[in-house]
Amino acid sequence: MNYEHVRETDPAIADALEGEVQRQNDTLAMIASENHVSEAVLEAQSSVLTNKYAEGYPGERYYAGCEYADEVEELAIERAKELWGAEHVNVQPHSGTQANQGVYYAVLEAGDKILSLDLNHGGHLSHGHPANFTGQFYEVEQYEVDADSGYIDYDELRAHAEEFEPDIIVSGYSAYPREVDFEAIQEAADAVDAYHLADIAHITGLVAAGVHQSPVGVADFVTGSTHKTIRAGRGGIIMCDEEYADDIDPAVFPGGQGGPLMHNVAGKAVGFKEALEPEFEEYAEQTIENAKALGDRLQEHGFELVSGGTDNHLVLVDLRPSHPDTTGKDAEEALEEVGIVLNANTVPGESRSAFNPSGIRAGTPGLTTRGFDAEACREVADIIYEVVDNYDDEDVKADAAERVDELTDEYTLYE
Ligand SMILES: *Cc1c(COP(=O)(O)O)cnc(C)c1O
């Protein structure tokens with residue numbers, strides 16, 4: 001990757017950009033929400049479309065000179081419709097959170113009720129956390145995963161809905177390793193005449209590839225991030241039936257945003273095109289197979305996984321049973337030292353804090369993009385075990401760092 005113009009103008013930023021390329025090449029990106037986009041997506045995202053104001057929608061812009069912006073946005077929409085089978089698509093949300101904001105703003109009034117999964121149980125800030133606008137503008141109650149099984153208890157959710165009578169139920173999660181039964185949640189929403197927002201931010205790619213059931217055509221609204229498993233340009237997306245199109249579009253612009261980030265919309269379009277190729281289905285299948293291999297081997301080493309395993313691209317390790325004196329931060333920091341980048345995460349029944357929780361979350365989307373197979377993921381699990389089990393032993397960490405180097409040398413990323 002070449003940053004010659006940046007280097008001429010701004011050497012400090014050029015150093016940081018080159019440093020970041022090297023960091024991504026030399027470490028294992030196992031933060032479950034991250035991925036590595038193609039050079040084609042990178043080029044599109046850094047294109048001259050960053051200069052263009054295109055407030056409005058294709059064919060009805062508030063500014064002149066939008067013929068190429070229109071073409072880009074129409075292609076992004078068309079491809080998204082093909083990928084997920086949605087009737088109506090809005091590709092303008094700047095992020096997954098902005099996509100959710102668009103839905104809430106479209107159908108809720110201040111003070112309306114949201115029922116969503118607790119953050120400690122795998123939910124997301126934008127689903128009603130007190131630190132997010134959703135927690136302040138709406139009345140929020142939260143459901144939890146079953147304390148024993150780690151699975152969502154759909155009967156309990158429905159009972160909670162019948163008691164609380166929410167205006168909207170939110171499904172879709174940030175740290176839930178199991179397949180989501182969107183139809184069961186839709187039934188709960190129907191029972192209380194609530195909307196259902198399925199936020200598939202993490203599993204957009206798995207749903208597009210058909211390796212996870214789809215909420216499109218089931219839930220009223222489906223939102224997502226476009227830079228996670230779907231591996232396209234950074235941002236958000238909203239999908240819904242045609243009947244809601246005239247509620248959603250004005251809620252995104254002008255309701256919550258100004259001009260769209262057209263360079264990112266171009267990155268979304270290019271990534272969606274890549275995801276329509278047959279190879280993407282193999283990628284999505286391999287991502288899940290890799291997460292299962294990683295999880296199985298971690299369990300062989302004595303780690304406890306929330307819910308006992310995974311159906312998707314991530315595993316959530318509760319360190320308390322195997323390593324009661326090791327916090328998620330201890331593990332995260334020691335692993336980062338050896339080149340494995342993942343995050344400390346809260347777990348159901350959390351007994352520490354959000355800042356220093358008891359678990360770690362690890363995902364395989366980034367590794368699978370590099371070409372990792374199940375065997376390579378078992379090797380990663382072995383390294384994770386050695387490091388977490390001996391997190392202040394410098395010799396163990398030096399050996400682990402060498403093993404990570406071998407993997408990053410074998411499975412190369414950017415030139
Ligand atoms: C990542 C995520 C989002 C937010 O995405 P941003 O693009 O970071 O705003 C929303 N919902 C869920 C469930 C997520 O995991």
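**Pockets, cavities and a ligand**

Mentor: At least two lining residues of the second largest pocket come from each of strand S2 (56-57), helix H4 (67-84), strand S4 (88-90) and helix H10 (245-252). Those labels are DSSP runs numbered from the N terminus: helices (H or I, at least four residues) and strands (E, at least two). This is a predicted model, in which local features need pLDDT of at least 70 and side-chain atom pairs count only at pLDDT 80 or more, while totals for chains, interfaces and linings use all residues. Residues are numbered from 1 along each chain as its sequence is written, and side-chain values use heavy atoms, with hydrogens and water left out.

Trainee: Which element gives the most to the lining of the second largest pocket?

Mentor: H10 does, with 4 residues.

Trainee: How do I tell a pocket from a cavity?

Mentor: Both are found on a 1 Å grid over the protein atoms alone: in a cavity a 1.4 Å probe fits but cannot get out, whereas a pocket is an open set with protein on both sides within 12 Å along at least five of seven lines. Lining residues have an atom within 4 Å of a point. Points are joined across faces, edges and corners, and a volume is the space filled by probe spheres set on them. Here the second largest pocket has a volume of about 260 Å³. It is lined by 16 residues, and Gly 56, Tyr 57, Pro 58, Glu 60 and Asp 249 are the closest to its centre.

Trainee: What is the lining of the second largest pocket like by class?

Mentor: Ala, Val, Leu, Ile, Met, Phe, Trp, Tyr, Cys and Pro count as nonpolar, Asp, Glu, Lys and Arg as charged, and the others, Gly among them, as polar. On that basis this lining has 9 nonpolar, 3 polar and 4 charged residues.

Trainee: What volume does the largest pocket have?

Mentor: About 1,200 Å³. Its lining has 50 residues, with Ser 33, Glu 34, His 227, Lys 228 and Arg 234 the closest to the centre. Two or more lining residues come from helix H2 (11-26), helix H3 (39-45), helix H5 (96-107), helix H13 (328-338) and strand S14 (343-345). H2 has the largest share, 5 residues. By class, the lining of the largest pocket splits into 18 nonpolar, 23 polar and 9 charged residues.

Trainee: Where does the ligand sit?

Mentor: A molecule sits in a pocket or cavity if more than half of its atoms lie within 2 Å of its grid points. The ligand sits in the largest pocket.

Trainee: Which residues surround the ligand?

Mentor: A residue is near a molecule if one of its heavy atoms lies within 4 Å of it. Around the ligand are Ser 95, Gly 96, Thr 97, His 124, Tyr 173, Ser 174, Asp 199, Ala 201, His 202, Ser 225, His 227 and Lys 228. This shell has 2 nonpolar, 8 polar and 2 charged residues.

Trainee: How many cavities does the structure hold?

Mentor: There are 3 of 30 Å³ or more.
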